[in-house]
Amino acid sequence: MKKTYLFVGFAFCMIHFIMSSCNSPYTSKKTAYFKIDFPKREYRKFDKDGVPYSFEYPAYANIVKDTTYFDPSPENDFWYNVDFPQFGGRIFLSYKEIGGHSVYKIKQSNGTYKDSSGINSFDKMVNDAFKLTYKNDFVAADIAEKKIATPNGVHGIFFSLKGNVATAKQFFLSDTVHNFLRGALYFDVTPNADSLRPVQDFIQADMDHLINSFKWKTK
């Protein structure tokens, strides 16, 4: 008999708890990301002696000389990064002289890589830029190409990639005769297209300004 009373009491408490929960107002939880306060746009000029190009970059960014990129080490002193400390982002800029020599990695049959020296022809560097971009093809939802032609006579192609890719903004610039420069935007976080989109859109305008203000220096 005692067990019966305990069971009935427990059942009554459970019914009361369920009915109270059902009568409580439900508030849906929406997926959201932290609001980002973007800085005011101001630009400075990067024009260093001996460097074969110049451009304008945001005042809230830093110019840092690159030590590594896609290769083990830069082949010249003209590789620079545009760092965005506030966003954990970085535009890698790598420069190659057309007609100069570079060390390329060639994959061997056993899976290892061997260094091989080659001439920096314009066609080869354009092909390399496309290959590096389309390495993301298996994760990119879409890759759009846009031709670059600025009032300063700078030409190239800008690549915009959609999806959770390592770098969604890439480009290359060249005068087709002497100079070739490639740029790629990276973030120091796991790629997430939704959370990074506001920052990518903001920096997109800065990349456009960098490109439109870009100049090759005459030799």
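**Exercise 1. Find which residues Gln-204 is in contact with, leaving aside neighbours within four places in sequence.**

Step 1. Locate the residue. Gln-204 is found in helix H3, residues 193-213. Helices are DSSP runs of H or I with at least four residues, strands are runs of E with at least two, and both are numbered from the N terminus.

Step 2. Apply the contact rule: heavy atoms within 4.5 Å. Gln-204 then touches Phe-158, Ser-160 and Lys-169.

Step 3. Check burial. Gln-204 has 15% relative accessibility, so it counts as buried. Buried means under 20% relative accessible area, exposed over 50%, and partly exposed in between, with a 1.4 Å probe and protein chains only.

A note on the model: it is predicted, local features need pLDDT of at least 70, side-chain atom pairs count only at pLDDT 80 or more, and totals for chains, interfaces and linings use all residues. Residues are numbered from 1 along each chain as its sequence is written, and side-chain values use heavy atoms, without hydrogens and water.

**Exercise 2. Work out the strand order of the open sheet, and which strands stand at its edges.**

Step 1. Read the order. Seven strands run E3-E4-E5-E11-E10-E9-E8, with antiparallel pairing. Two strands pair if DSSP finds at least two bridges between them.

Step 2. Look at the ends. E3 (62-65) and E8 (142-149) each have a single partner strand, so one side of each lacks a neighbour in the sheet.

Step 3. Inspect the E8 end. Eight bridges join E8 to E9 (residues 155-162). Ala-149 has His-155 in E9 as its bridge partner.

**Exercise 3. Decide which residues of H2 are buried and where they lie around the axis.**

Step 1. List them. Met-125, Val-126, Ala-129 and Thr-133 of H2 are buried.

Step 2. The arc is taken from the directions from the helix axis to the C-beta atoms.

Step 3. Find the cover. It includes E5, E8, E9, E10 and E11.

Step 4. Turn to the other face. Asp-123 and Lys-131 are exposed there, away from the buried side.

**Exercise 4. Explain why E4 is largely enclosed by the rest of the structure.**

Step 1. Count. Five of the five residues of E4 (residues 80-84) are buried, so the strand is largely enclosed.

Step 2. Val-64 stands opposite Asn-81, while Val-82 has Ile-91 in E5 as its bridge partner.
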